[in-house]
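User: I would like to go through this model with you and ask, for each label you put on it, what the label rests on.

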Amino acid sequence: TWHLKKIPQIVSERTFSLDSPKFEAKTKLELNSVCGIECQRKLPVPSSSDLKDLLSYETVFENGTRTLTEVNVLGLVLDPVGNTTTRRSSRKKRQIYGTDSRFSIYDKRFMTNFPFNTAVKISTGCSGVLISPKHVLTAAHCLHNGKDYVKGSKRLRVGLMKTKSRGDGRKRKGAKRNGMPSFQWTRVKSTHIPKGWFKGVSGDIALDYDYAVLELKRPHKRKYMELGISPTIKMMPGSMIHFSGFDNDRSGQLVYRFCSISDESNDLFYQYCDAEPGSTGSGIYLRLKEPNKKKWKRKIIAVYSGHQWVDVNGEQQDYNVAVRITPLKYAQICFWIHGNDENCTQG
């Protein structure tokens with residue numbers, strides 16, 4: 001069952017206007033020189049004042065204006081243990097050169113139904129997931145490189161999957177074959193990115209705050225994914241995670257995969273799901289059977305940040321990283337969705 005957690009409150013204190021961004025950064029779908037597993041173990045525990053700073057956030061609006069909102073965190077119990085990682089005894093080698101364990105979803109019945117219909121394409125080249133009638137969760141680095149917003153984020157759009165019906169008139173020359181999704185593109189009204197992404201992105205970047213929420217200009221009428229708080233590996237059913245996105249090497253296809261998690265820190269999951277650039281920003285979810293119910297319950301518990309190369313004891317190693325939805329991040333994302341903290345008390 002889902003274990004409910006008491007959620008700290010995030011309340012806005014002050015909002016300032018900032019200069020409009022330049023929107024000149026290049027989109028990087030793969031990040032290098034990040035704080036890896038060894039580095040994460042040495043990170044100090046953020047203090048209450050650090051967290052207020054890290055969870056303050058920038059909002060960029062459709063017309064190019066930008067604000068900074070400072071927040072306060074109430075009801076937080078700090079974990080004295082620190083940013084420890086839990087090492088699993090068996091460390092699997094990543095199998096990107098072995099058997100490809102990804103599934104392309106071709107069947108319209110699956111593609112346009114829950115949970116696959118919650119996967120969306122971001123116009124900067126990433127993926128995302130619907131988390132409310134008007135909001136999409138994705139990775140921060142799909143929009144911002146730590147210093148400036150990427151070029152494509154000035155006129156940001158979100159593509160929702162639709163499959164062409166047979167009554168679309170005459171087949172155009174070179175039209176996509178049946179079962180390939182086409183997209184209904186929607187403009188983005190505003191974008192929220194936590195200040196922790198800008199703060200931690202200089203030098204040896206930590207990925208703890210690599211997430212962003214986009215508010216759509218018009219609500220969609222689809223089922224969306226609920227947010228949940230990520231459990232530890234021990235509490236995870238079968239320790240299996242699932243996610244779907246639009247991998248670059250399978251153009252025009254929705255790609256689904258599932259795998260187990262190998263390592264974790266307070267803020268990150270390390271896993272070896274096969275994934276290519278383009279699936280970055282996908283919502284990672286768990287499936288649970290509620291007692292006495294036949295249907296699966298699914299909740300988003302992390303955001304896929306991408307494939308990383310890191311230095312571990314002087315050697316280059318690679319793994320895939322996901323940013324965990326902790327109680328604090330749940331409170332922040334929920335606040336962005338609802339504009340208040342009343343709907344965000346139980347995770």
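This is a predicted model: local features need pLDDT of at least 70, side-chain atom pairs count only at pLDDT 80 or more; totals for chains, interfaces and linings use all residues.

User: Why is Thr67 called buried?

Analyst: The relative accessible area of Thr67 is 14%, and the cut-off for buried is under 20%, so Thr67 falls on the buried side.

User: What surrounds Thr67, and where is Thr67 found?

Analyst: Thr67 is found in strand 4, residues 66-74. Leaving aside residues up to four places away in sequence, Thr67 touches Thr15, Phe16, Ser17 and Leu18, and also Tyr57, Glu58, Thr59 and Phe61. With one of these, Tyr57, the C-alpha to C-alpha distance is 8.3 Å, at 10 residues apart in sequence; the touch itself is a matter of heavy atoms within 4.5 Å.

User: What makes the phi of Phe23 worth a remark?

Analyst: Phe23 is not a glycine, although its phi is positive, at about 55°. Most residues other than glycine have a negative phi. Phe23 is found in the loop between strand 1 (9-18) and strand 2 (31-32).

User: Is Phe23 buried or exposed, and how do you know?

Analyst: Phe23 has 8% relative accessibility, and under 20% is the condition for buried, so Phe23 counts as buried although the residue is found in a loop.

User: What makes the set that includes Leu55 and Ile333 a nonpolar core?

Analyst: A nonpolar core is made of buried residues of the listed nonpolar kinds, joined through side-chain atoms within 4.5 Å, and the largest such set here has 68 residues, with Leu55, Leu137, Val158, Leu227 and Ile333 having the most contacts inside it. Helix 5 (residues 327-338) gives the largest share of this core, eight residues. As for Leu137, its contacts beyond four places in sequence include Val129, Ile131, Val213, Leu227, Ile300 and Ile333. A second, separate core has 15 residues, among them Ile241, Ile261, Ala275 and Ile284. In soluble globular proteins, nonpolar side chains tend to be buried together.

User: How many cavities of 30 Å³ or more does the structure hold, and what lines the largest cavity?

Analyst: The structure holds three cavities of 30 Å³ or more, and the largest cavity has about 120 Å³ of space. Its lining has 15 residues, of which Val60, Ser153, Lys154, Leu156 and Thr191 are the closest to its centre. Strand 3 (57-61) and strand 11 (182-194) each supply at least two residues of this lining, and strand 11 gives the most, five residues. The lining of the largest cavity divides into seven nonpolar, three polar and five charged residues.

User: Why does the lining of the second largest cavity count as having no charged residues?

Analyst: The second largest cavity, with about 70 Å³ of space, is lined by Pro115, Phe116, Thr118, Ala119, Gly128, Val129, Met225, Ser244, Gly283 and Tyr285. Asp, Glu, Lys and Arg are the kinds that count as charged, and the lining of this cavity divides into six nonpolar, four polar and no charged residues.

Technical notes. Residues are numbered from 1 along each chain as its sequence is written. Side-chain values use heavy atoms; hydrogens and water are left out. Buried means under 20% relative accessible area, exposed over 50%, partly exposed in between (1.4 Å probe, protein chains only). Helices (H or I, at least four residues) and strands (E, at least two) are DSSP runs, numbered from the N terminus. On a 1 Å grid over the protein atoms alone, a cavity is a set of points where a 1.4 Å probe fits but cannot get out, and a pocket is an open set with protein on both sides within 12 Å along at least five of seven lines; lining residues have an atom within 4 Å of a point. Grid points are joined across faces, edges and corners, and a volume is the space filled by probe spheres set on the points.
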